[in-house]
Amino acid sequence: MSFFISDALAEGTAAAAQPGIEGMLFPLGILVFFYFLFLRPQAKRTKEKKEMMSTLKKGIEVVTAGGILGKVVDVDDNFVKIEICDNTFIQVQRQSVENMMPKGTYKAVTKKIIKE
């Protein structure tokens, strides 16, 4: 005759220790959810930015990470020279170029600024 409660608890938990595959479905579902919610879109953005960096060339209109709109004048391995106004140039790192703008955007914006 045993007066210890631990013996009774040990017998009751032995059957619950083996949950099987049903116990793994919820954690796996969470992992799949986070993959499609966070990891896949980030990888897609990284791939698109890498493709954009490879297509940078002279004459393309771009926006930098700081929000500066300009036209690419010269492209180097690490830096891009951008014309932001008539005879005003800046050099930025290639990675700081965020977007390529449609052709004519730079010209339209500079005309608007000159008229004001």
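The side chains of lysine 49 and glutamate 98 meet in a salt bridge, 3.1 Å from N to O.

Student: What counts as a salt bridge here?
Tutor: A side-chain nitrogen of Lys or Arg within 4 Å of a carboxyl oxygen of Asp or Glu. This is a predicted model: local features need pLDDT of at least 70, side-chain atom pairs count only at pLDDT 80 or more, and totals for chains, interfaces and linings use all residues. Residues are numbered from 1 along each chain as its sequence is written, and side-chain values use heavy atoms, with hydrogens and water left out.

Student: How many salt bridges does a search of the whole structure find?
Tutor: One.

Student: Which parts does the pair tie together?
Tutor: Lysine 49 lies in helix 2 (residues 22-54) and glutamate 98 in strand 5 (residues 97-100), so the pair ties together parts 49 residues apart in sequence. Helices (H or I, at least four residues) and strands (E, at least two) are DSSP runs, numbered from the N terminus.

Student: How exposed is lysine 49?
Tutor: Partly exposed, at 26% relative accessible area. Glutamate 98 is also partly exposed, at 40%. Buried means under 20%, exposed over 50%, partly exposed in between (1.4 Å probe, protein chains only).

Student: New topic. What is the strand order in the open sheet?
Tutor: The order is 4-3-2-1-5, five strands with antiparallel pairing. Two strands pair if DSSP finds at least two bridges between them.

Student: Which strands stand at the edges?
Tutor: Strand 4 (88-93) and strand 5; each has a single partner strand, so one side of each is left without a neighbour in the sheet.

Student: How many bridges join strand 2 to strand 3?
Tutor: Four. Lysine 71 has glutamate 83 in strand 3 as its bridge partner.
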